[in-house]
Amino acid sequence: MSRVVLRPVEEKDIDVFEAEFAGPEGTGVHQWFGYRSPLDLRRRFAETGLLAPDGGTLTVREDDTVAGRVEWFRSLWGRPETSWCWTVAIGLRPSCQGRGLGTEAQRLLVTYLFDHTRAQRIQAFTDSGNVAEQRALEKAGFEREGVLRQAQWRAGGWHDQILYSTLRP
């Protein structure tokens, strides 16, 4: 049985992220937003280790293999002092998809954020056509809240997003 763990990003992980997520083959059709400079990720790693007060990134490992990464960033539903929550995201290497790793990684991230921050709400969104991620979020304990119509520009058009959330127990 595989063991999924989250840990802080190490510099060698960035090499894997760049190799796997630099093109549409690695990100998949629902996360491909065009080519981006890898320098921003390396700069942020050098400055913060990808762990900052307004969000962060952790490496997803399956046994001894870098499987991908999870990320979180602050989102607002009102005044910043009182109405913030975390929005989470995941990117798994294509070879690591379809085996429940994403569900477990997102479950671990929710536990981590509730244990180490004061957030009451954690949310995620995914493309309306990304049925696998919708299932993973639901298995990880997120509830579907609704459709954000034409909220994301990608691949030459606007795409509906499905909003999910989980609340502090």
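## A first look around the fold

Buried here means under 20% relative accessible area, exposed means over 50%, and partly exposed is what falls in between (1.4 Å probe, protein chains only). What you see is a predicted model, in which local features need a pLDDT of at least 70 and side-chain atom pairs count only at pLDDT 80 or more, while totals for chains, interfaces and linings use all residues. Residues are numbered from 1 along each chain as its sequence is written, and side-chain values use heavy atoms, with hydrogens and water left out.

**The overall picture**

The protein has 5 helices and 8 strands. Both are DSSP runs numbered from the N terminus: helices are H or I with at least four residues, and strands are E with at least two. Reading from the N terminus, the order is β-α-α-α-β-β-β-β-α-β-α-β-β.

How big is the whole thing? Its C-alpha atoms fill a box of roughly 35 × 35 × 35 Å along the principal axes. A compact globule of 169 residues would have a radius of gyration near 15 Å, and the protein agrees, because its own value is 15 Å. That radius is taken over C-alpha atoms, and the globule rule is 2.2 Å times the number of residues to the power 0.38.

Of the 169 residues, 41% count as buried. The protein exposes about 9,800 Å², with carbon and sulfur atoms supplying 52% of that area. These areas come from the Shrake-Rupley method with a 1.4 Å probe, and for residues only the protein chains shown count as cover. As for charge, there are 22 positive and 23 negative side chains, and the centres of the two sets lie 3 Å apart. Lys and Arg count as positive and Asp and Glu as negative, leaving out His and the chain ends; each charge is placed at NZ of Lys, CZ of Arg, CG of Asp or CD of Glu.

A contact means heavy atoms within 4.5 Å. Among contacts between residues at least 6 apart in sequence, 59% join residues at least 24 apart.

A124 sits in strand β6 (residues 121-127). Apart from neighbours within four places in sequence, A124 is in contact with V88, L137, F142, I162, L163 and Y164.

I162 and Y164 turn up again at Q134, whose contacts beyond four places in sequence also include T126, D127, S128, G129 and R144. Q134 belongs to helix α5 (residues 131-139) and is buried at 10% relative accessibility.

L137 is also touched by Q106, along with I90, E133, A136 and A140, again not counting residues up to four places away. Q106 lies in helix α4 (residues 101-116) and is buried at 3%.

C85 is in strand β5 (residues 84-92) and is buried, at 1% relative accessibility. Setting aside neighbours within four places, C85 meets F73, R74, S75, W77, R121 and Q123.

| Pair | Apart in sequence | C-alpha to C-alpha |
|---|---|---|
| C85 and R121 | 36 residues | 5.3 Å |
| Q134 and R79 | 55 residues | 29 Å |
| A124 and T59 | 65 residues | 18 Å |

**Rings in pairs**

The structure holds 4 aromatic pairs. In one, the ring centres of W84 and W86 are 5.1 Å apart and the planes stand at 70 degrees, so the pair is edge-to-face. Rings of Phe, Tyr and Trp (its six-membered ring) pair if their centres lie within 6.5 Å; planes under 30 degrees apart are stacked, over 60 edge-to-face, and the rest tilted. W84 is partly exposed at 22%, whereas W86 is buried at 3%. Another edge-to-face pair is W153 with W158, with centres 5.4 Å apart and planes at 65 degrees. W153 is partly exposed, at 48%.

Which residue in the loop between α3 (39-48) and β2 (51-52) is worth a look? L50 lies there, and its phi is positive, about 65 degrees, although L50 is not a glycine. L50 is buried at 3%. Q150, in strand β7 (residues 143-154), also has a positive phi, near 45 degrees, without being glycine. Is Q150 buried or exposed? Q150 counts as exposed, at 53% relative accessibility.
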